[in-house]
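Let's take a look at this protein together. Have the sequence and the 3D view ready.

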Amino acid sequence: MESSLGQPNFISVLFFVIFVVLTLGITYWAAKKTKTSSEFYAAGRSITGFQNGLALSGDFMSAASFLGISGMVALKGYDGIIYAVGWLVGWPALMFLLAEPLRNLGKYTFADVLAFRLKQKPIRIVASIGGILVTITYSIAQIVGSGKLINLMFGLPYELAVVIVGGVMLLYVLFGGMIATTWVQIIKACLLLFGVTLLVILSLAQFGFSLENLFSEVETKFGRAALEPGGFAASPIDSISLGLALMFGLLGLPHILMRFYTVPDAKEARKSVAYATTFIGYFYIIIPIVGFAAAVLIGREQIAGIDKGGNMAAALLAELLGGTPFLGFIAAVAFATILAVVAGLTLAAASTISHDLYFNVFTEGKATEKDQVSVAKKATVVFSIVSILLGILFKDQNVAFMVGLAFAIAASGNFPALFLSILWKNFSTVGGVFSILIGSVSATLFIIFSPTVWVDVFKFDQAIFPLKNPAIVSMSLAFVSAFIFSKLFPDETAAAKFESEKVRVYLGIGAE
């Protein structure tokens, strides 16, 4: 099959232009409504549970989910599904452990929850480091996906494609804040769910609408191994470590946690997770079908030949089944996916810098609304430039894998401290600081020394750290250090505030 990927076609360009014009129109509308810091960071807490559920799924179903998982399943078989299951399992945990406490204790960022009873300055500084590390690694993955996509769709140079994505995303966040970002995410979630459903229906039509026929074709073509575990994560410890990162990483992602501040109360926060789990669950159940169908109908050699990470499997399948118009639509949906997620990440990074560092640490709560929003906008510009440069640097990585690493840092740096600050009375400021630092830094270092970076990127003969995903080690280190340092340096003030924190968590009294 000759693919038109790489040659600009009118329909693709048209879908892209329609999407960008539509979303910039929303940004213009949102900009007129975005005056205060509450509107910029939290959409004035005016989003309903259903809208927030759609926006959460839009924020979460990233290029890694759409392009990365389908590509991984196409090239590696069954093991690509680990990502889909791992990402989904975190949602019920998020609903029962964190959704309500976050909404009731915080204001704009997850560091608000930690700072509720721990000492403001040290905890906000280290929480900012943890938050920014996660948002940067996650953004790289999205930007790599978008660069690849535009590069292959229109034949534009990869670097130029990355700059275009960065520029459009910057406009959303700079002018529209959280209101624009939320609506972009809602539109994108609807488009993605529709596009993937259509792709699955067309794929299954090739196999008489029978999964059994599809899987027997996979077995005939690639052998039994394609339908069994072990193609990607060969050792059980690697699989468990990856699973832990994907499940608990969700509970430490700043851009996801931030969405709980956009709803009016804890009840709507719970509802939004229930809706998000439904949409995301449906998406992850059907996305592996796209990967298997692409492997059978297109062939692994051709998928890997166009992009060795496999990220274009879904686009190639769309072209095969629906011609150039469907390829144009799917490519525009993937582009929308990336823009929506990167906008959410950029907003999370900007709010960390302006709300946690500038407002609470540097000016000690004395900055005006106008100053806060102004600093957030400057931070947005800086973050966008850094993301674009790193996106160019990490050109050839599989996007699902890159996001797996961001999850490892979130699971090790942010989740343990957040979890313990809500549930453990004797958790101290020093314990929190060391937990975040040791978790984030060890996860980052282990990733650099892992086979994936040390051997595949830096081309050394042997990795210093044996596991591909470090969560099982770095997360344990974070919990252990939190326990040891909290015992060595107890914090009586924090312990004394625990009861009032509990009242606010469970009853919502005093929540903003």
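## A tryptophan and its partner

Trp-424 has a relative accessible area of 19%, so this residue counts as buried, the cut-off being under 20%. Keep in mind that we're looking at a predicted model.

What about the other aromatic pairs? Searching the whole structure turns up 21 of them. Phe-194 and Phe-329 make an edge-to-face pair, because their planes sit at 80 degrees, with 5.9 Å between the ring centres. Phe-194 belongs to helix α8 and Phe-329 to helix α14, so this pair ties together parts that are 135 residues apart in sequence. Phe-329 is buried too, at 13% relative accessibility.

Back to Trp-424: this residue forms a stacked pair with Phe-483, with 15 degrees between the planes and 5.8 Å centre to centre. Trp-424 is in the loop between α16 and α17, while Phe-483 is in helix α19, so the pair ties together parts 59 residues apart in sequence. Phe-483 is partly exposed, with a relative accessible area of 46%.

## A ring cluster

Ring pairs also join Phe-60, Trp-91, Tyr-138, Phe-283, Tyr-284 and Phe-407 into a cluster.

## The whole fold

Now zoom out. How many helices and strands does the protein have? There are 21 helices and zero strands.

Terms used
Residues numbered from 1 in each chain as written. Predicted model: local features only at pLDDT ≥ 70, side-chain atom pairs only at ≥ 80, totals over all residues. Heavy atoms only, no water. Helix = DSSP H or I, 4+ residues; strand = E, 2+ residues; numbered from the N terminus. Phe/Tyr/Trp six-rings, centres within 6.5 Å; stacked < 30°, edge-to-face > 60°. Buried < 20%, exposed > 50% of the residue type's maximum accessible area, 1.4 Å probe, protein only.
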